[in-house]
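Good morning, everyone; I would like to walk you through one model today, going slowly over the parts that can be read with some care. Please have a look at it first.

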Amino acid sequence: MRTFIAILASAVTAFPGVYADPAFAQESEVAPQQSLLQTFTGTWRAEGTSFGAPSKSTMVWREALDGKFYRLTYTIEMQRGDEVQTFVGHGYYQRGSSQGFWADNGGDLHPMVATYTDTALTTIWGKAGGKQGRSSYTLQEDDRIEVADWILTDDGWREFNRTMFSRLD
């Protein structure tokens with residue numbers, strides 16, 4: 001369970017060898033942030049498979065802390081036999097910046113560096129030499145959001161989650 005929670009410390013699509021370093025994101029990559037995160041604001045749901053188990057996921061994006069951040073609350077309920085395992089994580093994306101942080105119910109706390117386009121948020125989390133991951137949140141033409149998560153291993157990036165979310169509100 002601890003390994004599962006550590007791997008999921010979600011939120012990340014970048015390039016091999018790039019780490020959570022503020023130099024990674026240029027100011028021009030932050031420019032589309034406001035519009036994209038306003039589009040993401042709301043509650044989203046998905047059903048699928050996470051970590052090889054049937055899952056139900058909820059993603060909630062809201063402005064937070066007097067509008068200085070956007071907060072992502074990401075919940076995954078995985079059915080493993082008769083047991084439901086629940087993962088909950090919070091990502092904070094600083095308005096007008098490429099920086100943020102991630103915390104989850106596994107006790108992980110990671111710095112994040114984000115890049116933005118008109119339709120996608122890519123986050124690198126963790127530290128060079130330690131646990132690292134990446135997540136992408138991509139707005140689809142049908143107004144759904146595809147989320148994909150990877151963990152950096154000795155063999156390169158390994159995908160552990162891919163889910164298509166539909167808006168609830």
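How many residues lie between E3 and E4 in their hairpin? There are 2 residues between these strands, and Gly-81 in the turn has a positive phi of about 65°.

Before I go on, a word on the basis: this is a predicted model, in which local features need pLDDT of at least 70 and side-chain atom pairs count only at pLDDT 80 or more, while totals for chains, interfaces and linings use all residues. Residues are numbered from 1 along each chain as its sequence is written, and side-chain values use heavy atoms, with hydrogens and water left out.

As for confidence, pLDDT, the predictor's own score for each residue from 0 to 100, has a mean of 84 over the chain, with 82% of the residues at 70 or more. Over residues 1-28, however, pLDDT stays under 50. Where pLDDT is low, the predicted coordinates should not be read in detail.

Overall, the chain has 3 helices and 10 strands, these being DSSP runs numbered from the N terminus (helices H or I, at least four residues; strands E, at least two). Strands E3 (residues 69-80) and E2 (residues 53-64) pair in the antiparallel sense over 10 bridges, where pairing requires that DSSP finds at least two bridges between two strands. On its other pairing, E3 runs antiparallel to E4 (residues 83-94) over 12 bridges, and there Tyr-74 has Gly-89 of E4 as its bridge partner.

Turning to helix H3, which spans residues 33-40, we find Gln-33, Leu-36, Leu-37 and Phe-40 buried, meaning under 20% relative accessible area with a 1.4 Å probe, protein chains only. Viewed down the axis of H3, these buried residues fall within an arc of 95° (taken from the directions from the axis to the C-beta atoms), so they line one face of the helix.

That leads to the aromatic rings, which pair if their centres lie within 6.5 Å, with planes under 30 degrees apart called stacked, over 60 edge-to-face and the rest tilted. Phe-40 and Trp-61 make a tilted pair, at 5.3 Å centre to centre and 50° between the planes, and this pair joins H3 to E2 across 21 residues. Trp-61 is itself buried, at a relative accessible area of 0%. With Tyr-93 its ring centre lies 5.6 Å away and the planes meet at 35°, so that pair is tilted. Which residues form the cluster? Phe-40, Trp-61, Tyr-93 and Tyr-137 form one aromatic cluster.

Note on methods. Buried means under 20% relative accessible area, exposed over 50%, partly exposed in between (1.4 Å probe, protein chains only). Contact means heavy atoms within 4.5 Å. Rings of Phe, Tyr and Trp (its six-membered ring) pair if their centres lie within 6.5 Å; planes under 30 degrees apart count as stacked, over 60 as edge-to-face and the rest as tilted.
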